[in-house]
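I opened my notebook to look up a few side-chain links in this structure. Here are my entries, in the order in which I went through them.

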Amino acid sequence: MLNPCLFHDFFLPVLFLDGYAQVRLKQTQLSITRSENKTARIECEASGIQNFRSAVIHWYQHRPGEAPERILHISTGQPVFDKDSDKKKFDCLKKPDEPLSTLTVNGITQNDRAVYYCAYWDHSVRKP
């Protein structure tokens with residue numbers, strides 16, 4: 001019998017105040033449980049990003065007791081991986097019209113137990 005693996009994900013709100021755009025990234029699934037060797041998909045819904053089509057969305061993995069690590073980032077094309085070894089483990093899509101980004105974790109193992117989250121930086125915001 002295969003042991004299920006538990007995935008945690010959460011929303012990471014990013015708010016800019018004082019007249020600037022309010023950006024919000026929302027992950028609706030509080031946790032995901034899958035059997036080993038299965039696939040899990042984690043969605044990140046964005047709002048308040050003026051041009052989501054060209055926005056860069058980053059995906060991170062945070063294992064218990066370790067520092068968070070960026071897995072990849074995606075803009076207008078294919079995802080760009082921080083480590084070549086992650087290209088078979090992870091995949092990412094971006095649907096600009098929704099606006100939504102989905103991280104896929106393939107061939108789940110016990111080592112994939114982690115918190116996964118998306119992030120975005122608005123480089124247009126300037127300090128007064």
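**Entry 1: the disulfide**

I began with the cysteines and found that Cys44 and Cys118 form a disulfide, with 2.0 Å between their sulfur atoms. My cut-off for a disulfide is a pair of cysteine sulfur atoms within 2.5 Å, and the count by this rule is one. The link of Cys44 and Cys118 is right-handed, with 70 degrees about the S-S bond. Cys44 sits in strand S5 and Cys118 in strand S11 (residues 115–119), so the pair ties together parts that are 74 residues apart in sequence. Strands here are DSSP runs of E with at least two residues, numbered from the N terminus.

A note on the ground rules: this is a predicted model, in which local features need pLDDT of at least 70 and side-chain atom pairs count only at pLDDT 80 or more, while totals for chains, interfaces and linings use all residues. Residues are numbered from 1 along each chain as its sequence is written, and side-chain values use heavy atoms, with hydrogens and water left out.

Cys44 is buried at 1%, and Cys118 is buried at 0%.

I then checked Cys92, which is also buried, with a relative accessible area of 2%. Where is the closest cysteine sulfur to that of Cys92? I found it in Cys44, at 9.0 Å, which is too far for a bond.

**Entry 2: around Ser101**

Next I looked up Ser101, which has its place in strand S10. Ser101 is buried, with 1% relative accessible area. Which side chain does Ser101 join in a polar contact? The partner is Trp59, at 3.1 Å. For a polar contact I need a pair of N or O atoms within 3.5 Å; within protein, one must be able to donate a hydrogen and the other to accept it, and residues adjacent in sequence count only if both atoms are side-chain atoms.

Leaving aside residues up to four places away in sequence, Ser101 touches several others, among them Cys44, Cys92, Trp59, Phe52 and Ile74. Contact here means heavy atoms within 4.5 Å. I was pleased to meet Cys44 and Cys92 again in this list.

**Entry 3: salt bridges**

How many salt bridges are there? My rule asks for a side-chain nitrogen of Lys or Arg within 4 Å of a carboxyl oxygen of Asp or Glu, and it gives five.

Asp97 and Arg53 form one of the salt bridges, their closest N and O atoms being 3.0 Å apart. Asp97 lies in the loop between strand S9 (90–95) and strand S10 (100–105), and Arg53 in the loop between strand S5 (40–47) and strand S6 (57–62), so this pair ties together parts that are 44 residues apart in sequence. Asp97 is exposed at 68%, whereas Arg53 is partly exposed at 47%.

Arg70 and Asp82 also meet in a salt bridge, at 3.0 Å from N to O. Arg70 belongs to strand S7 (residues 69–74) and Asp82 to the loop between strand S8 (80–81) and S9, so parts twelve residues apart in sequence are tied together. Arg70 is partly exposed at 27%, and Asp82 is partly exposed at 39%.

My last pair is Asp84 and Lys87, with 3.4 Å from N to O. Asp84 is exposed at 58%, while Lys87 is partly exposed at 49%.

Conventions
Helices (H or I, at least four residues) and strands (E, at least two) are DSSP runs, numbered from the N terminus. Buried means under 20% relative accessible area, exposed over 50%, partly exposed in between (1.4 Å probe, protein chains only).
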